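I opened my notebook to jot down a few things about this fold. Here is what I looked up, entry by entry.

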Amino acid sequence: MAALSSSAVYPLTADRRQTPRVLSIAGSDPSGGAGIQADLKSIAAHGGYGMAAITALTAQNTLGVSGVHVPPVEFLRQQLNAVSTDIVIDAVKIGMLGDAAVIDEVRSWLESVRPAVVVLDPVMVATSGDRLLTDSAGDALRALLPLADLITPNLPELAILLGEPEAIDWASALEQGKRLAAECGNTVLVKGGHLAGSECPDALINTSGLLRQDVIEVAGPRIETRNSHGTGCSLSSALATVQARTGDWEASLREVKPWLLQALRVAGNLEVGRGNGPVDHFHHQRVLQPGGFATTLWKEAVPELERIHGLNFIQELQSGQLPEWAFSYYLAQDAIYLNGYSRVLARAGALAPTEEEQLFWAKSSRQCLEVESELHRNWLSSREASDVTGPVTKAYVDHLLATSASGSYAVLLAAILPCYWLYAEVGQKLHAAFVDAGAPAGHPYADWLRTYADEDFAAATRMAINFTDGAAVAASGRERAEMLEAFRQSCRYETAFFDAPRLYA
């Protein structure tokens with residue numbers, strides 16, 4: 001499969017021109033679950049370079065807060081200036097501020113530096129219920145809100161900021177979010193974590209036309225766990241990091257939310273503390289350590305990738321020596337393949353256990369059809385190419401359809417994954433080689449090679465790997481064996497697909 005484009009490589013790190021440099025301005029949590037410590041973990045988990053200016057020192061653990069010390073505001077000024085006079089800051093996350101003097105200092109710094117992305121998490125109350133902001137600082141905090149691009153209050157904090165009773169249902173929460181967004185002129189993330197029920201939605205709200213619609217809801221299941229210490233800190237710093245590279249709040253939330261849900265889902269495995277334990281920021285890397293299922297899959301993929309990179313088709317596509325007839329055959333078969341692949345992705349959506357996964361696979365299925373249409377419109381219309389299904393294309397699609405009929409979500413994801421993962425790796429290397437060669441304008445396939453830099457597909461590849469890992473964790477031993485075989489077979493078909501033009505065109 002080759003029509004989608006990518007710049008993602010294992011292990012789930014973005015292949016970007018620049019790692020986002022993210023500054024957290026927040027308090028310290030010595031137990032490591034919230035504040036600066038949680039922020040730095042979240043930033044690192046999403047591929048950013050984390051920095052920190054500490055506003056307050058707390059004595060706390062998973063059971064509660066026993067003390068707060070706010071250093072002299074002059075020292076905070078020194079920290080902020082030391083960072084911003086030397087390092088370009090791509091995003092700022094603001095958390096616990098403590099008192100009015102600290103808030104005023106941060107506001108003055110923001111007005112001077114004007115960072116590109118500012119996420120403000122108005123930390124007022126800890127998970128344990130302890131107050132983290134003095135009453136006298138409320139007005140100063142409200143004056144700071146308009147300087148943020150995104151505000152991420154929980155429902156009690158949202159009510160305090162508006163001077164209203166806390167929302168008791170989702171509809172009321174959304175109305176409060178609209179009022180705060182209108183008042184501050186920015187985007188507000190309304191979070192459903194404090195409401196009852198099996199669902200835990202989030203919503204981005206902006207009433208000034210900066211989003212595609214005023215309210216964008218992102219559904220998600222409620223994770224039953226007591227280990228939610230630092231959830232708000234972790235979410236806001238992750239959003240700041242991802243937004244620095246996507247520039248799209250909806251895309252950022254849809255990337256971060258599944259990560260946070262899994263961080264909550266497996267948080268108990270950390271066994272930290274006797275109270276509200278922290279979330280597992282690096283759950284994805286823990287799964288991918290030697291012995292993890294994605295690592296096992298990757299070991300299976302590496303030999304096929306070596307074969308793919310050695311194919312004449314790939315080498316000639318990179319150099320520009322690929323004959324036109326071979327490229328035309330490849331495009332035509334790709335369009336045929338994508339039509340079948342879209343049906344398989346739709347089936348994955350039907351089998352998916354969560355709404356997040358259902359939406360992801362449904363969107364991917366639609367995008368396959370859109371890419372197929374674009375192939376015909378922009379690439380195949382001016383070329384002579386047969387619309388007869390080639391033997392490799394037929395065998396690959398038949399394999400995927402047969403797997404989708406088995407009824408196992410986990411096995412189907414393993415079969416689907418190589419079309420994301422191997423293609424992502426191949427595309428990234430082809431694009432990098434093209435750029436390293438100076439992106440020659442005379443290259444006959446220059447426009448095609450440029451499509452490999454699409455970050456949206458990079459993000460989709462990471463999500464597909466995460467979902468496959470999650471499915472493997474929940475699968476039986478028999479299913480994992482079947483997953484491995486389905487993945488191997490799809491990897492072999494990926495190699496054959498790239499080699500098919502030389503054999504059958």
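Predicted model: local features only at pLDDT ≥ 70, side-chain atom pairs only at ≥ 80, totals over all residues.

Nine strands make an open sheet, running E5-E4-E3-E6-E7-E8-E9-E10-E11, and I noted that the pairing is mixed. At the edges I found strand E5 (64-69) and strand E11 (215-218); each has a single partner strand, so one side of each is left without a neighbour in the sheet.

**Strand E6 and its partners.** Next I looked up E6 (residues 91-94), which pairs with strand E3 (residues 21-28) in the parallel sense over four bridges. I read off that Val22 has Ala91 of E6 as its bridge partner, and that Leu23 stands opposite Val92. On the other pairing, E6 runs parallel to strand E7 (residues 118-120), joined by three bridges. There, Ile94 has Leu120 as its bridge partner. I then followed the chain from E6 through helix H3 (residues 100-113) to E7, a right-handed β-α-β crossover.

Which way do the side chains of E6 point? Ala91 and Lys93 point one way, Val92 and Ile94 the other, and all are buried.

**Helix H8.** My last stop was H8 (residues 249-265), with 17 residues and a reach of 24 Å from first C-alpha to last, close to the 24 Å expected at 1.5 Å a residue. Of the 17 residues, 14 are buried, so H8 is largely enclosed by the rest of the structure. What caps the N-terminal end of H8? I found Asp248 there, with a side-chain oxygen 2.9 Å from the backbone nitrogen of Glu250.

Definitions and conventions: Residues numbered from 1 in each chain as written. Heavy atoms only, no water. Helix = DSSP H or I, 4+ residues; strand = E, 2+ residues; numbered from the N terminus. Expected span 1.5 Å × (residues − 1). Buried < 20%, exposed > 50% of the residue type's maximum accessible area, 1.4 Å probe, protein only. Polar contact = N/O pair within 3.5 Å; in protein donor to acceptor, adjacent residues only side chain to side chain. Pairing = 2+ DSSP bridges. Right-handed = clockwise from strand over helix to strand, strands pointing away.
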